[in-house]
Amino acid sequence: MPDREKPPRVISAVRGADGLMRCPWPSADPLYVAYHDEEWGVPEYDDQAMFEKLVLDGFQAGLSWITILRKRPAFRKAFDGFNPEKIVRWREAKKDALMEDAGIVRNRAKIEATVALARITLDLAEKGGLARHLWGFVDGRPIQNARRSMAEMAAESDVSRAIAKDLRARGGNFVGPTIIYAFMQATGMVNDHLIACHRHEACRALARELGP
């Protein structure tokens, strides 16, 4: 039987069953759609929430985000609620136990990177906090893009490269420019909802209302 051709990748906003226009990447997966509608692109200024997202974006490396999203409850339980004060005290026995936990992504290097990011977060807590530090790279205000299709989407930016360089200098790992750009999109540091998506203007409005 001949191989079937793959359907063309959807790159423009699509109308969902509820009649709302959305970026195409969540498809019809309810969990993914909820994440797109309620979290992605919403400006986040909480230190612990920013730390969690930074860690999870590092774990996403080489995987799809929906895989991480489905495992997020297990991550939160296994990672002590993403409390950096607890994570920096992880002993080898704890790390060994995490490597046996099928509910998360079992990767020793990424677990070690989580501990390093916890140390960075606690260090920055004494200097205004992780969120304030990261938002400082965009002067505290979300970057507003106006992309019409996924073909226009960037993989990294000058800002993501600057943040990656900063975090690496502080001992961070799995914080390359591509990972950081995905983090910026997720935490609303950049509004990358397609302009035809119903969340584009909503996130733009939030950017006007919220501040660090």
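**Helices, pockets and rings**

Biologist: Gln185 first. Buried or exposed?

Modeller: Gln185 counts as buried, because its relative accessibility is 11%. Buried means under 20% relative accessible area, exposed means over 50%, and partly exposed is in between, with a 1.4 Å probe and protein chains only.

Biologist: Before we go on, what sort of model is this?

Modeller: It is a predicted model, where local features need pLDDT of at least 70, side-chain atom pairs count only at pLDDT 80 or more, and totals for chains, interfaces and linings use all residues. Residues are numbered from 1 along each chain as its sequence is written, and side-chain values use heavy atoms, with hydrogens and water left out.

Biologist: OK. Where does Gln185 lie?

Modeller: Gln185 is in helix α9. Helices (H or I, at least four residues) and strands (E, at least two) are DSSP runs, numbered from the N terminus.

Biologist: And how far is Gln185 from Gly41?

Modeller: In sequence, 144 residues separate Gln185 and Gly41. In space, their C-alpha atoms are 5.6 Å apart.

Biologist: What counts as a pocket, or a cavity?

Modeller: Both are found on a 1 Å grid over the protein atoms alone. A cavity is a set of points where a 1.4 Å probe fits but cannot get out. A pocket is an open set with protein on both sides within 12 Å along at least five of seven lines. Lining residues have an atom within 4 Å of a point. Grid points are joined across faces, edges and corners, and a volume is the space filled by probe spheres set on the points.

Biologist: Which element gives the largest share of that pocket's lining?

Modeller: α9 does, with six residues. The lining of the largest pocket has 15 nonpolar, four polar and two charged residues. Here Ala, Val, Leu, Ile, Met, Phe, Trp, Tyr, Cys and Pro are nonpolar, Asp, Glu, Lys and Arg are charged, and the others, Gly among them, are polar.

Biologist: What about the second largest pocket?

Modeller: Its volume is about 200 Å³. Of its 15 lining residues, Glu39, Glu44, Ala49, Lys53 and Ala186 are the closest to the centre. α2 gives the most to this lining, four residues. The lining of the second largest pocket splits into seven nonpolar, one polar and seven charged.

Biologist: How many cavities are there?

Modeller: One of 30 Å³ or more. The largest cavity holds about 50 Å³. Two elements each give two or more residues to its lining: α2 (47-60) and α6 (108-125). Among the lining residues are Leu54, Phe59, Lys110 and Thr114.

Biologist: What does the side chain of Thr114 reach?

Modeller: The backbone oxygen of Lys110, at 2.9 Å. That is a polar contact: a pair of N or O atoms within 3.5 Å, where within protein one must be able to donate a hydrogen and the other to accept it, and residues adjacent in sequence count only if both atoms are side-chain atoms. Thr114 is in helix α6. Thr114 is also buried, with a relative accessible area of 1%.

Biologist: Back to α2. How many of its residues are buried?

Modeller: Eleven of 14, so α2 is mostly covered. Its buried residues include Met50, Phe51 and Leu56.

Biologist: What span should α2 have?

Modeller: 20 Å, at 1.5 Å a residue, and its end C-alpha atoms are 20 Å apart, which agrees. The expected span is 1.5 Å times one less than the number of residues.

Biologist: What happens at its two ends?

Modeller: At the start of α2, a side-chain oxygen of Asp46 comes to within 3.2 Å of the backbone nitrogen of Gln48. Just after α2, Gly62 has a positive phi of about 90°.

Biologist: Last topic, rings. How many aromatic pairs?

Modeller: Eleven. Rings of Phe, Tyr and Trp (its six-membered ring) pair if their centres lie within 6.5 Å; planes under 30 degrees apart are stacked, over 60 edge-to-face, the rest tilted. The Phe51 and Phe82 rings have centres 6.4 Å apart and planes at 75°, so this pair is edge-to-face.

Biologist: Where do those two sit?

Modeller: Phe51 is in helix α2 and Phe82 is in the loop between α3 and α4 (84-87), 31 residues apart. Phe51 is buried at 0% relative accessible area, and Phe82 is buried at 0% too.

Biologist: Which residues form the aromatic cluster?

Modeller: Phe51, Phe59, Phe75, Phe79, Phe82 and Trp90.
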